[in-house]
Amino acid sequence: MSTDLALLRLLHLVSPTLPIGSFTYSQGIEWAVECGWVTSPADLREWLESQLHGSITQLDIPVLQRLYQAVEQRDTARLAHWIDILNASRETSELLLEEKNRGRALTDLLIALEIPHAAAWKPLLAQSQSAAFALAAVHWHIPLQDAAGGYVWSWLENLVLSAVKIIPLGQTQGQKILHQMTPLIPAAVAQGLQVVDDDIGAASPALAIASSRHETQYTRLFRS
């Protein structure tokens with residue numbers, strides 16, 4: 001598989017059109033807007049940067065690295081271990097359900113695309129979007145660093161698109177935030193890939209509060 005094709009596969013994997021329901025979640029932003037925590041482009045950028053330098057760098061990226069390596073080695077015990085670690089680290093039932101729902105949808109898509117091991121490993125992969133993402137990345141020969149960068153970009157784009165609807169922001173303002181934050185991704189990926197096992201983990205109190213409150217928010221556009 002050529003490098004050019006691997007890049008195109010990565011673009012496919014992180015596309016907002018991928019039918020895994022990414023656009024239906026706000027990860028607490030809806031409640032943060034409702035209570036006045038996030039009311040402007042500056043607030044949104046601060047909210048996202050805090051998560052990028054916290055849970056994304058210290059949890060999501062290093063766990064994705066280990067899931068990717070487990071897939072490469074066909075080590076289902078290790079795969080299961082890191083899925084459990086990631087899911088145990090989701091701070092609310094809403095965030096855990098998002099991980100599992102998107103994992104199940106992405107696994108079903110990979111099965112439909114006849115990706116090797118997707119069907120046999122479905123009980124595991126359906127528990128975690130990150131695990132299914134890792135399987136696709138390994139199968140399509142997407143280098144780990146590129147896969148991690150795409151994973152973070154997809155997270156960022158989905159939340160900015162959600163905020164454009166909720167705050168609301170104009171489409172141009174949303175694109176400005178993406179433009180401003182994109183240069184932060186390579187450093188976050190590089191740092192995340194250096195995290196050792198014992199240092200994996202992060203606490204995001206504001207995210208946890210917002211997500212918990214969103215579960216019972218009276219009027220919601222996004223899934224809970």
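Predicted model: local features only at pLDDT ≥ 70, side-chain atom pairs only at ≥ 80, totals over all residues.
Two residues are said to be in contact when heavy atoms of each lie within 4.5 Å. Setting aside residues up to four places away in sequence, Gln51 touches Gln27, Ile56, Trp155, Leu159 and Leu207.

Stepping back, the overall fold comes into view. The protein chain has 11 helices and zero strands, and the pattern read along the sequence is α-α-α-α-α-α-α-α-α-α-α. The radius of gyration is 17 Å, close to the 17 Å that the globule rule gives for 224 residues, so the protein chain is as compact as a globular protein of that length. Taken along the principal axes, a box of roughly 45 × 35 × 35 Å holds the C-alpha atoms. Of the 224 residues, 52% count as buried. Among contacts between residues at least 6 apart in sequence, 76% join residues at least 24 apart. The accessible surface of the protein chain comes to about 10300 Å², and carbon and sulfur atoms account for 54% of that area.

The largest nonpolar core contains 70 residues, and the members that touch the most other members are Ile29, Leu44, Leu48, Leu79, Leu106 and Val152. Helix 3, spanning residues 41–72, supplies the largest share of this core, with 13 residues. Leu106 gives a view of the surroundings of one such member: apart from neighbours within four places in sequence, Leu106 is in contact with Leu13, Leu18, Ile20, Gln129, Ala132 and Phe133.

Leu5, Leu7, Leu8 and Leu11 form a nonpolar patch on the surface, with about 360 Å² of accessible area together.

A search of the whole structure finds six salt bridges. In one of them, the side chains of Arg66 and Asp197 meet with an N to O distance of 2.6 Å. Arg66 lies in helix 3 and Asp197 in the loop between helix 10 (185–192) and helix 11 (205–214), so the pair ties together parts that are 131 residues apart in sequence. The two partners can be told apart by their accessibility: Arg66 counts as buried at 7%, whereas Asp197 counts as partly exposed at 44%.

A further salt bridge joins Arg102 and Glu98, with 2.5 Å from N to O. Both residues lie in helix 5 (residues 93–112), where they are four residues apart, about one turn of the helix. Arg102 and Glu98 are both buried.

Salt bridges can also be linked to one another, as Asp60, Arg90 and Glu99 show by forming a network. Leaving aside neighbours within four places in sequence, Asp60 is in contact with Ser55, Leu86, Arg90 and Tyr151.

Terms used
Residues numbered from 1 in each chain as written. Heavy atoms only, no water. Core = buried A, V, L, I, M, F, W, Y, C linked by side-chain atoms within 4.5 Å. Buried < 20%, exposed > 50% of the residue type's maximum accessible area, 1.4 Å probe, protein only. Helix = DSSP H or I, 4+ residues; strand = E, 2+ residues; numbered from the N terminus. Patch = residues over 30% accessible without salt bridge, like charges linked within 9 Å, V, L, I, M, F, W, Y side chains within 5 Å. Areas by Shrake-Rupley, 256 points an atom, 1.4 Å probe, with all protein chains shown as cover. Salt bridge = Lys/Arg side-chain N within 4 Å of Asp/Glu carboxyl O. Rg over C-alpha atoms; globule rule 2.2 N^0.38 Å.
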